[in-house]
Amino acid sequence: MAESGKGTEAVDHKRRGFFGTIARFFAEVMSELKKVVTPTRKELINMFGVVLGFVVVMIVIVLTVDFVFGKLIGFAFARTPIWPLW
């Protein structure tokens, strides 16, 4: 019967000790950092454009919803007319 990974990790932790565990952590961090791929200039500009476009669209949506709800609340509580938008 195969053992689960949990038991071996506990034994490995006791065998390595506190500083061994920290050293292993930093070794794994360095290993993961070597896998990071830096985007090219073209990819970076493209991603920036997508994010900027998304932010602008979300700003327009939030401003529109805020304006509509403000007009509705003004009409409901203060009986201000809805149609003259400004």
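What percentage of the 86 residues in the chain is buried? In this predicted model, buried residues make up 5% of the chain. The chain exposes about 8300 Å², and carbon and sulfur atoms supply 73% of that area. Its secondary structure consists of two helices and zero strands.

**Helices**

- Helix H1 covers residues 5-33, and helix H2 covers 41-78.
- H2 has 38 residues and reaches 54 Å from its first C-alpha to its last.

**Salt bridges**

- Side chains of opposite charge can pair when their charged atoms come close.
- A search of the whole structure finds two salt bridges.
- One of them joins the side chains of Glu 28 and Arg 24, with an N to O distance of 3.0 Å.
- Glu 28 and Arg 24 both lie in H1 and are four residues apart, about one turn of the helix.
- An α-helix has 3.6 residues a turn, so residues three or four places apart point the same way.
- Glu 28 is partly exposed, because its relative accessible area of 41% lies between the 20% and 50% cut-offs.
- Arg 24 is also partly exposed, at 38% relative accessibility.
- Lys 35 forms a salt bridge with Glu 32, and the closest N and O atoms of this pair are 3.2 Å apart.
- Lys 35 counts as exposed, because its relative accessibility of 54% is over 50%.
- Glu 32, at 47% relative accessibility, counts as partly exposed.

**Aromatic pairs**

- A pair of aromatic rings is described by the distance of the centres and the angle of the planes.
- The count of aromatic pairs comes to two.
- The rings of Phe 18 and Phe 19 have centres 5.2 Å apart and planes at 80°, so this pair is edge-to-face.
- Phe 18 counts as exposed at 58% relative accessibility, and Phe 19 counts as exposed at 66%.
- The rings of Phe 25 and Phe 26 have centres 5.3 Å apart and planes at 70°. An angle over 60 degrees counts as edge-to-face, so the pair of Phe 25 and Phe 26 is placed in that class.
- Phe 25 counts as partly exposed, with a relative accessibility of 48%.

**Arg 79, after H2**

- Which residue with a positive phi follows H2? H2 is followed by Arg 79, whose phi is near 55°.
- Arg 79 is a residue other than glycine with a positive phi, and Arg 79 lies in the segment after helix H2.
- Arg 79 is exposed, because its relative accessible area of 61% is over the 50% cut-off.
- Arg 79 lies over the face of Phe 75, at 5.5 Å from the ring centre.

How values were computed. Residues numbered from 1 in each chain as written. Heavy atoms only, no water. Buried < 20%, exposed > 50% of the residue type's maximum accessible area, 1.4 Å probe, protein only. Areas by Shrake-Rupley, 256 points an atom, 1.4 Å probe, with all protein chains shown as cover. Salt bridge = Lys/Arg side-chain N within 4 Å of Asp/Glu carboxyl O. Expected span 1.5 Å × (residues − 1). Phe/Tyr/Trp six-rings, centres within 6.5 Å; stacked < 30°, edge-to-face > 60°. Lys NZ or Arg CZ within 6 Å of the ring centre and 35° of its normal.
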